[in-house]
Structure formats: structure tokens, C-alpha cells
Amino acid sequence: MYISKNYGFSFSAQKSDIELNSFLSSLVGVNVEFSIKSGNIRRIILDSDDKFFYGVVITIKNQKRFASLVSDKGEMKVKISELADLEKIAEFNFLVVNKLNGFGLYQYHYGACTLPNFASMITSLYRRKLEQKRKVELDVLAEDAPQKQIKAVNSRFFHGLAFEMLVQSRDIEKVLAKYKEIRSFKYEIASVEAYLSDDSPLHGLVAKARHDVRFDSSVDSSLIIKGIQNMMSTVKEKTARIEVLDDQDEPVSVKIMDVPVNYGEMAYDDFILGLMTFDPKELRGCSLVKALKDKCETEYAHVFSKKVVE
């Protein structure tokens, strides 16, 4: 049976030059559309209120025929149906993002847009706006501006929008096994003294130590996953981030937290019934969106409605 699942994620623009809420606000009411390799089209619609951004990703499929099974005198036969000229098969993903902290929930079902693909579209839009702003600032510089001044402007626009999936430590093996490559592992250790040797001049002086381990691409990923799993008990909670590469060669950052990997699910038939309340001009009124917002504000408020200090 098909089911629709809710996945947690976060966006952060702390290291970048365009504030997250300002960027997402600029997309509200704008027709955002992406063409993908399959010939399908993805459209993003955003809405907002004082506390949340609300969104839907609509995948419009380039498909004119579909098959179904029908009973003909007690025998099952395949029926091929043609879509009318103005009809399109579409899949829907609903989402909410809390303005307070950039954390959100994303609703996914089989055949629709995956969370990493949605994030790739949003981060690429952010990068475009970042490049536009960088170009404007460089254009106002004098022609003989010193390289130091040019470098200072470029450095401000180096970091883009950071995206992370929220994953529970016990689900590491299941989640990471889906990715093409594991690139790096960033974390803080829970007890610095236990990992510093007597020969280290910093022994006893360090309150915390951050590590950034990068992996050789020739190493079997199963060995890397096992190694990460085995050391999670010594890693400081909420500091673990794993950079991976998906099947589309898009980099994805996976954030390890003591939270559920799946924030609830529903039968696909119930999802379709909820879809009947969807109005692209009044996204906040859709029952599926309201359900996501309720989870953020009540059931999982400790994750999605708390101010985050990095």
C-alpha cells in the first residue's frame, strides 16, 4: 500500500549574505518552474503568514497514456486510457518551514519529488539571487579597485543556502546506504580529554573540538557507514553532519539528531482525499498543510518550534 511520509529538514543562511526569511518571502506569489531530464516539469508555490512559510511542489508529468486493470467477463485485462489534451498527471508534495529557525516538514510519497531534489531546487534559486547581488556590488566598485576589496566582496557571497535532512542516529545505516557516495563526516566529540594524547600541548585546555573527516572515494561505503555508526555514542548530540552525494550527483548534508526520521505517515488514499482541499490561491487552507503545521507546533514542537543556536 502506498503511504505518504513526513520528513524533517532545515535550511540555514547563517553563513551567507541573504537572510533566509527574506529569500523565501521573495518567492511567495512567484511562478517558480523547473524542467527536469525526464521531460516532466516541477512547479513550486509558496505562501506565508507571521510564523510559517507554506509550500507545495507539483510534478507535472509528460505522460499521455496510463494503464489500469479491468474485469471483462471474469477475466482481468489491461486497459490503456488516453488523457484529454488539457489533462496532466501530477504529483504533490506539501511542506511547511518555521520562520523562527528554518526547520520544516516535507510530505513525500512514491513517485513524487524527493526531499533532496526539492532542496536542490531551492538552494539553486538561492545561489542565483546571491550571484545577482554579488554582481551588483562588484559593478559599483571602481575599475582600479584593489584585489583585496574585490576578494572581500566575493568572500561574502561564497556560502550558499545550507540544507540538512534530520535523521535519527539509529537510522544512519538505512539512510546512508541510499546515497552514491559519502564525502565527509563533521562532528564534535563528547569528551575531548578522552581523545587527546599526553603528547598534545592542548591537553586539558580544550572545551570542545570539532573534526572534519573526509573520505577516500575508493573506500567501500559500507565500511564508512559502519565506522560512523560505531562512534556515534561518543559524538556530541546534534553536532554530527554527514555530506553525501545523491544519484543526481547533488551534494546533500544529513544532520544526525535524536529525533524521528519519519514524523508521521498516512495512507495514500487519505492523502488524495486531503488533496481535494487544495487551492493554489489559498495554500494555507489545505488540510494537508494544516496537518504539517500542527505537527510542528504541537507534537514535535521541541524540534520545529524552538530557537536554534548553532
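Author: Lining residues may be sorted into classes: Ala, Val, Leu, Ile, Met, Phe, Trp, Tyr, Cys and Pro count as nonpolar, Asp, Glu, Lys and Arg as charged, and the others, Gly among them, as polar. The structure is a predicted model, in which local features need pLDDT of at least 70 and side-chain atom pairs pLDDT 80 or more, while totals for chains, interfaces and linings use all residues. Residues are numbered from 1 along each chain as its sequence is written, and side-chain values use heavy atoms, leaving out hydrogens and water.

Reader: Which residues of helix 6 are buried?

Author: An α-helix has 3.6 residues a turn, so residues three or four places apart point the same way. Helix 6 spans residues 268-275, and its buried residues (under 20% relative accessible area, 1.4 Å probe, protein chains only) are Tyr268, Phe271, Gly274 and Leu275. Viewed down the axis of helix 6, these fall within an arc of 110 degrees (directions from the axis to the C-beta atoms), so they line one face. The face turned away carries Asp269 and Leu273, which are exposed, that is, over 50%. Helices (H or I, at least four residues) and strands (E, at least two) are DSSP runs numbered from the N terminus.

Reader: What do the buried residues of helix 6 pack against?

Author: They pack (heavy atoms within 4.5 Å) against strand 1 (3-12), strand 7 (89-98), strand 8 (103-109), strand 14 (265-267) and helix 7 (287-299).

Reader: How many residues of strand 13 are buried?

Author: Strand 13 (residues 251-256) has 5 of its 6 residues buried. Strands pair if DSSP finds at least two bridges between them. Strand 9 (162-167) pairs with strand 13 in the parallel sense over 4 bridges, with Val167 opposite Ile256. Strand 12 (residues 241-245) runs antiparallel to strand 13, joined by 5 bridges; Ile242 has Val254 as its partner.

Reader: Which residues line the largest cavity?

Author: On a 1 Å grid over the protein atoms alone, a cavity is a set of points where a 1.4 Å probe fits but cannot get out, and a pocket is an open set with protein on both sides within 12 Å along at least five of seven lines; lining residues have an atom within 4 Å of a point. Phe11, Leu24, Ile44, Leu46, Phe53, Leu95, Val97, Phe118 and Ile122 line the largest cavity. By class, this lining has 9 nonpolar, no polar and no charged residues.

Reader: Which element gives the most to the lining of the second largest pocket?

Author: Helix 2 does, with 5 residues. The lining of this pocket has 14 nonpolar, 9 polar and 8 charged residues.
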